[in-house]
Amino acid sequence: MRGVWRLTGAAAIAIIAWTGAAKADTISYADAITVLAKDCGADIKRLCKGLNLGNNRIADCLAQNAGKVSPTCTSTLASVAASIQKREQAQTAYSKVCATDMARRCNGVVGDGYILACLAKKQKTISARCNQAISDAGWR
């Protein structure tokens, strides 16, 4: 849960400027901040007014006031944290998940970016697992 509150601290940076929601199954840090700013901005302004953004002060404030944080913000924090975790895991695991497809479809291609471009280009011929890992990683 502490990680969730840390992520909230990052969201506080964007409260003033950003609105909207992510559309993908996993979301980027930028999209996470946007969603958190939208759903938690009022809680941060109400409960953590005057705090500086650094050193996780906003996240700590929300954690200390967890009982006063709106259900929407609490729910969004949990879903955003889960989505970010899923994305990070996919980014870490893609080379293992896609190893067979890389060997079959992109043999001789060198460099992560070129390999990803090759896999993306051959989307219809690579495994469903590899396609899912690339999508979950946020690279498509």
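Helix α7 is followed by glycine 138, whose phi is positive, near 85 degrees. I begin there, and shall work back into the helix. Helices here are DSSP runs of H or I, of at least four residues, numbered from the N terminus.

Two remarks on the source. This is a predicted model, in which local features need pLDDT of at least 70 and side-chain atom pairs count only at pLDDT 80 or more, while totals for chains, interfaces and linings use all residues. Residues are numbered from 1 along each chain as its sequence is written, and side-chain values use heavy atoms, with hydrogens and water left out.

Helix α7 spans residues 128–136 and contains asparagine 131. Is asparagine 131 buried or exposed? Asparagine 131 has a relative accessible area of 13% and is therefore buried; the term means under 20% relative accessible area, with exposed over 50% and partly exposed in between, for a 1.4 Å probe and protein chains only.

Which residues does asparagine 131 touch? Leaving aside residues up to four places away in sequence, they are Gln123, Ile126 and Arg140, where contact means heavy atoms within 4.5 Å. With arginine 140 there is a polar contact, side chain to side chain, at 3.0 Å. A polar contact is a pair of N or O atoms within 3.5 Å; within protein, one must be able to donate a hydrogen and the other to accept it, and residues adjacent in sequence count only if both atoms are side-chain atoms.

I turn to the packing of the helix. Helices α4 and α7 pack at an angle of about 140 degrees, with their axes 8 Å apart. Axes are lines fitted to C-alpha atoms, for helices over the stretch in contact, and angles run from 0 to 180 degrees between N-to-C directions. From α4, the contact draws on Lys86, Arg87, Ala90, Tyr94 and Val97; from α7, on Arg129, Cys130, Ala133 and Asp136.

Finally, the salt bridges, each a side-chain nitrogen of Lys or Arg within 4 Å of a carboxyl oxygen of Asp or Glu. The count comes to 2. In one, aspartate 39 meets lysine 38 at 3.7 Å, N to O; lysine 38 is exposed, because its relative accessibility is 53%. In the other, aspartate 43 meets arginine 46 at 2.8 Å, N to O. Both lie in helix α2 (residues 29–47), 3 residues apart, about one turn of the helix. Aspartate 43 has 4% relative accessibility and so counts as buried.

How values were computed:
Helix = DSSP H or I, 4+ residues; strand = E, 2+ residues; numbered from the N terminus.
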